[in-house]
Amino acid sequence: MSISYYESNRLFKLDTPGSSYVFTVSKENYLLHLYYGARISDFEIEPSFFRSSYSSFSPDATGGEGNISPDVAMMECSGNGIGDYRLSTVIVRYKDGTTATDLRYLSHRIFPGRPDAGALPHLRLDESNADTLEITMQDPATGVIFLINYTVLRDLDAIARSICVQNRSSDTIYLQKLHSLCCDFPENDFDLIHLYGKWAKERSPQRLPVMQGVQSVASTRGASSHYHNPGICLAKKETGEEHGVCYGFNLLYSGNFSADTEADGYGGIRVTLGIHAKDFCWKLTPGDSLLSPEAIMVFSGKGIGEMSRIFHRVYLNHVIPPYWRERKRPLLLNSWEGCFFDFDEEKILRLAQEGKKLGIELLVMDDGWFGHRNDDTSSLGDWFVNENKLKGGLAQLVRKVREEGLQFGIWFEPEMISPDSDLYRAHPDWCVQIKGREKSLARHQCVIDMTRQEVRDEIFRQMKAVLDSCPISYVKWDFNRNLTEPSSLMLPPDQQGEFFHRFILGTYELQQRLLDEYPQLLLENCSGGGGRFDGGMLYYSPQIWCSDNTDPIERLSIQFGTSLFYPASSMGAHVSANRRTDYDTKAAVALWGTFGYELDPEKLTEEQKATIKDQIAYYHKTYDTIHNGDLYRLTPPWKNGFTCAWNFTAKDQSSALLTVIGIRRREFQTLVVRMRGLDANAIYYCEEIGRSYSGAFLMNAGLNLSDRDLNRDGASLMLYFTKQ
Ligand code: GLA
């Protein structure tokens, strides 16, 4: 059992293979944090583990004994208005309009497995690989119950957390804030690492000291967004990629979120993570409850790289749909960048035929096949085939593509509706809007009201009709704008604050329904590139389109950043026809991700076609090393400005793939690359170089690549090593 409870001092100790997380119940029944870090065998509560009990101007909870001041105590779940002035984890508003929220320990239970997560994405864990501690807290003044869940993984240094609020009072209450975790640290010697960006430049890492006061990484757009990602890392000042202590916090959620830090006057830090409190207010009538999304905490004592590798395993083993856990994904050719809206049956068939000759396994027909859509101004919501464009209908096209030996995939944008669509004309009230306000259009489209069952039913009916009409193996699920006028015409005034969360719950329900109906379907989420790249989406789709930016050099920082939390096989990455770099470099970068093509093969020269055939053979050869192996980020693109490098090492260290990219001329500077994660005592043969090296040599002395053709903008080198 990875969870221990010591009755004598009411102490809880959660152990993963390499980390321990410890807290206790105080005399006043506060849940007080004591320790989170490298694994320890035992834990004595010394007074020094409590922070200063005194804070001027603030209450002393012990009525003068001076043990605990809520203002400085390290809380496992902070309330509101009871003397802890830092970030609240939960805020309840009562019938009388007051919002004081006090959480006191009542009881606990420890059990193998995990708690029921209802309809929310969650870690797929069971009695064979996890244990759960569920603490019941109660607000003594109102009887409202708070279940604080800790699910401890037995094989990875990760703990999942969530909070469930149960209204056991006799009055209706309103949740004004419900975050998923609160984690207090006694000392602020941390930097905050988070991912920021925008469309076509998603998830660049930024590392800054945690400043005094509150710092918030957040989205209020109705999606996790291109701008920020629902995950942060706290790294000790001295921590680097390969050494030192750091903590990762990542939320399995795709809607509005905030990841907040607060450094206080006594030198400590609080982290809270969960649904953004802005525009959130959830009504709970007596007997009702609400469960927060699940958050994952990861500890690494071996640097940021190790933290990432733990997250990658958590996502691969415990989040993505189990059907795809060990299954090789089909190599796809997507029509978008090759054709945009300009295609017909013949063109799609030619893509399939040409693609097949290159080694493509799945043809994806992107946007433009439905309603009367020839550009982005119409037809979202009319999910039936445009027979003017695809004259013989969809079933005929799919049959012909399959006769060529390829699987078929198709694009939908189920949460959207075009004002110029039959669906909109029939149901103008089905889109997100506020009565009396003009609806803001973005990309000429409105958002459909996913909170409504009848709306979801109709979209499902339409999608099912398409998917039942012919064998379709893959769906790209897009989401091409953010929400405005956030409201449902169906929600009463005192539940409008539920809109954003209900919206994403509706999306989750529809994606799950699709997978229940077609369990082998490969779903790829997308949002104008990577505008909804998060753990919530990965629960339904094992891969997400990483960015609309397919320029390999610009992709480097996007992929480096994304890999802070998310594994290689989750990052949709394609070779496209754009930009100056050659096809070798395009493939070298795209191989980091799911790998596929997004171009018109008819426009390729014979030489380019031959190159692509070689790339596809290389993809098959290195697939297992990349997708089931471990990532080592060697040189990030921003480090020295002229080169970038990473390697994947197979899980059993039997092979490794080293990729080096030249970003710009480095003149006469020496270029030595040292690999990571190899077996130091083993001998590895590199076929491209034609000689063997010891793992120790490759990791310590490194390869001197100064005379390789890497001294220019967009050059690349891939070296594949196999253990002898
Ligand atoms: C978004 C996606 C693209 C493509 C277009 C189609 O921008 O990111 O890959 O599917 O929509 O409109």
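Biologist: How many residue pairs are in polar contact between domain 1 and domain 3?
Modeller: Two residue pairs, both at pLDDT 80 or more. A polar contact is a pair of N or O atoms within 3.5 Å; within protein, one must be able to donate a hydrogen and the other to accept it, and residues adjacent in sequence count only if both atoms are side-chain atoms.
Biologist: Which helix gives the most to the domain 1 side?
Modeller: Helix α1, residues 303-318, with five residues. Helices are DSSP runs (H or I, at least four residues), numbered from the N terminus.
Biologist: What are the ground rules here?
Modeller: This is a predicted model: local features need pLDDT of at least 70, side-chain atom pairs need 80 or more, and totals for chains, interfaces and linings use all residues. Residues are numbered from 1 along each chain as its sequence is written, and side-chain values use heavy atoms, without hydrogens and water.
Biologist: How many salt bridges between domain 1 and domain 3?
Modeller: One. The side chains of Glu 241 and Arg 633 form a salt bridge at 2.9 Å, N to O. The term means a side-chain nitrogen of Lys or Arg within 4 Å of a carboxyl oxygen of Asp or Glu.
Biologist: And what area is buried between the two domains?
Modeller: About 560 Å², with 46% from carbon and sulfur atoms. That is accessible area (1.4 Å probe) lost on putting two parts together, summed over both.

Definitions and conventions: Helix = DSSP H or I, 4+ residues; strand = E, 2+ residues; numbered from the N terminus.
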